[in-house]
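Colleague: Before I use any labels for this structure, I would like to hear the grounds for each one. Please set the values against the criteria.

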Amino acid sequence: MPESRVSTPPMGFNTWFIYTDLYNEDKIKLVADKLVSTGLRDLGYTYIQIDVGLCVAGSGYETRDANGNLKADPNRFPGGILPLAEYIHRNGLKVGYYTDLGVTGCGNEQGSYGHYRQDVNTFISWGADLIKVDSGGGHVDYESHAAAYRDFIDGIIDASPDRKIAFNICCGGGFGVESFGPELASDYYSKVGAPVFYRTNYDISASMPIVFWDDDTHSVIRTFDKTAEHPENSFPGGFNDMDALILEYNGLTPDENRAYFTLWCIQSSPLLLAVDLPNIKSETLEMISNKEVIAVDQDPLCKAATKTSETTEGLQVWSKIMQDENGKAVRCVTLFNRTDEKREIGVTWNELGMLDSCSVRDLWEKKDLGLFEKGFSCEVPSHGVVLLKVTGMSDGRTEAEDFSSSSLQSVKAEKCEESTLDVGNITKGCCLKYDKIDFGSGGTSLEVRAAAISDGVLELRIDSADGEIISECFISGTGGSQNWETYTSRINSIKGFHDVYITYRSDFEEPLKLNWFRVNHEGKTEEKSGYEIERRTVFHQDVLKTAVIVVLSLTSLAGIITVVWLYVVWSKKTDASLLKGEKN
């Protein structure tokens with residue numbers, strides 16, 4: 001197994017939308033220089049994807065030598081492609097190459113049909129860190145695009161390259177890529193330790209200027225919506241590819257450009273810039289250099305945002321689960337106004353699966369907005385976004401798709417009608433494992449959000465797949481696989497953290513769908529007591545304010561001393577009991 005893995009979405013530069021196939025080695029070197037001098041490399045923009053134009057058929061030279069090996073265009077790369085790759089590597093950057101499944105690809109580029117493994121070895125000899133494989137030439141005599149891509153990617157696996165080579169399936173969002181792409185990614189990442197990303201829609205632009213709204217199959221919104229249909233396809237080592245970021249001279253307003261970049265980040269899409277780096281605008285550089293927004297895209301969980309609510313058409317709330325920080329849950333929340341007027345959009349913490357009192361930070365403005373009870377709302381510009389980081393404590397839900405292992409391969413995450421993810425195909429005999437679930441100082445009940453066509457029973461076991469059954473939750477058949485209900489059952493008294501195993505039994509063949517479950521308990525274990533202490537600290541501050549008011553109303557020194565003494569004694573007592581995990 002590879003020691004060092006590349007699990008997050010690639011970031012860098014793509015040549016196509018700026019240069020089409022009209023580039024040469026000097027332009028590529030200049031891109032490398034600018035990625036370094038602007039500080040973009042140090043922010044993670046490390047890949048230079050050399051797209052169409054590497055080996056163009058009909059350009060007056062043979063694109064393959066006598067042995068069938070690819071030859072880079074000598075007119076574009078007079079110094080040779082390997083010296084260019086070495087220049088890129090010396091600058092702390094990575095290089096990517098383009099080819100096609102067919103005989104020829106986009107722009108009459110020489111394709112790899114009949115030479116898959118040979119071309120893989122050529123790209124490796126050229127120092128490849130990324131290989132983009134288009135499908136413009138079709139899958140030729142393979143039974144499907146999936147089979148052709150499988151053969152190509154197996155060539156990389158079998159070559160066992162020293163470099164972690166990322167792989168881009170450029171399949172135009174069709175041919176079943178939403179199914180076979182993630183399957184290839186899981187296998188490839190486990191063996192090579194590098195990511196695979198797969199196109200979810202057509203090219204982001206058929207022509208300039210690009211279109212923001214969804215009346216065009218190449219628009220920003222259409223691409224986002226198509227990607228949002230499959231949030232389950234985003235995970236460490238596998239990502240939905242929303243295509244390049246054409247952020248200048250594109251006909252979009254500043255608010256639309258900010259939305260454009262934001263939507264890519266919340267979906268964990270690769271961030272491949274398509275801007276004129278040598279002449280980049282200062283406002284564009286500032287936007288793409290926002291570390292806090294980049295961190296949303298590069299979050300280690302690599303989850304895609306799902307739509308939390310849309311109470312009024314066009315006023316949407318999108319939420320992305322991010323890695324916990326200091327024992328607290330983190331959600332990236334996007335308030336997205338798709339209407340033609342400035343509108344107010346709000347979100348409740350309950351919608352996010354969070355408890356009351358969450359801190360809110362505006363990531364674009366780089367500003368802490370404060371601690372908010374229940375939820376948050378603000379005005380959002382037309383076609384614009386407000387990007388928030390919400391930090392607090394989870395309400396204890398465990399999302400169904402976060403299982404660590406399954407006894408059946410057919411069980412997988414999928415998008416459900418509640419605009420989140422569920423786990424489907426939980427059949428009789430299936431067992432799902434969830435790591436380290438908190439039962440606090442004593443579990444009291446189990447809540448389950450599920451849908452089932454027929455009646456069945458969800459069993460909750462601890463510590464092993466055949467361990468003690470501590471709860472049995474009856475699931476009533478609703479006659480529909482998307483008729484969601486919340487069910488509750490009692491839990492035997494269990495304390496502390498335990499691995500949980502969920503199994504399902506039924507007299508019927510129809511599977512169960514599970515959205516989330518929650519263990520309710522007497523109180524949090526000591527490991528998660530920090531938030532309670534923080535809440536108590538806030539309460540201390542409120543008490544102190546009250547005490548000050550009382551003091552100001554008193555005229556005697558004795559009254560002042562008495563109030564301060566009572567506050568100090570009470571606060572020490574309550575803090576001490578909280579640190580011991582006791583209830584007050």
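Modeller: Helices and strands here are DSSP runs, numbered from the N terminus; a helix needs at least four residues of H or I. The model is predicted.

Colleague: What makes a residue part of the lining of the second largest pocket, and which residues lie nearest its centre?

Modeller: A lining residue has an atom within 4 Å of a point of the pocket. The second largest pocket has 18 such residues, and Pro254, Asn257, Glu283, Thr284 and Met287 lie nearest its centre. Its volume is about 380 Å³. By class, the lining has 6 nonpolar, 5 polar and 7 charged residues.

Colleague: Why is the other space called a cavity and not a pocket?

Modeller: The term is used because a 1.4 Å probe fits there but cannot get out, whereas a pocket is open. The structure holds 1 cavity of 30 Å³ or more. The volume of the largest cavity is about 80 Å³. Among the residues that line this cavity are Asn14, Lys132, Phe197, Arg199 and Asp241. Strand 4 (130–134) and strand 6 (196–199) each give at least two residues to that lining, which divides into 4 nonpolar, 3 polar and 4 charged residues.

Colleague: How do you know that Asp438 is buried?

Modeller: Buried means under 20% relative accessible area. Asp438 has 8%, so the residue is buried. Asp438 belongs to strand 21 (residues 431–438), and its side chain reaches the backbone nitrogen of Gly440 at 2.7 Å.

Colleague: Is Lys374 buried or exposed, and on what grounds?

Modeller: Exposed means over 50%. The relative accessible area of Lys374 is 54%, so Lys374 is exposed. The residue sits in the loop between strand 14 (367–372) and strand 15 (375–380).

Colleague: What makes the pairing of the Lys374 and Asp356 side chains a polar contact?

Modeller: The cut-off for a pair of N or O atoms is 3.5 Å, and one must be able to donate a hydrogen and the other to accept it. The two side chains make their polar contact at 2.8 Å. Leaving out residues up to four places away in sequence, Lys374 also touches Thr348, Trp349, Asn350 and Ser357. Glu351 is 23 residues from Lys374 in sequence, and their C-alpha atoms are 9.9 Å apart.

Colleague: Why is a set of residues called a nonpolar core?

Modeller: The name applies because the members are buried residues of listed nonpolar types, joined through side-chain atoms within 4.5 Å. The largest nonpolar core has 95 residues, of which Tyr45, Leu54, Phe167 and Phe261 touch the most other members. Helix 8 gives the most to this core, with 7 residues. A second, separate core has 29 residues, including Tyr434, Tyr504, Phe517 and Val519.

Colleague: Which residues is Phe261 in contact with, leaving aside neighbours within four places in sequence?

Modeller: They are Tyr45, Leu245, Leu247, Leu271, Met287, Ile288, Val293 and Trp364.

Colleague: In helix 6, which residues are buried, and what covers them?

Modeller: Helix 6 (residues 177–192) has buried residues that include Val177, Phe180, Leu184, Asp187, Tyr188 and Val192. The cover includes helix 5 (145–159), strand 5 (166–170), strand 6 and strand 7 (238–241). Gly193 follows helix 6, with a positive phi near 80°.

Key: Residues numbered from 1 in each chain as written. Predicted model: local features only at pLDDT ≥ 70, side-chain atom pairs only at ≥ 80, totals over all residues. Heavy atoms only, no water. Buried < 20%, exposed > 50% of the residue type's maximum accessible area, 1.4 Å probe, protein only. 1 Å grid on protein atoms, 1.4 Å probe; cavity = no way out; pocket = protein on both sides within 12 Å on 5 of 7 lines; lining within 4 Å. Points joined across faces, edges and corners; volume = space filled by probe spheres on them. Nonpolar A, V, L, I, M, F, W, Y, C, P; charged D, E, K, R; others polar. Contact = heavy atoms within 4.5 Å.
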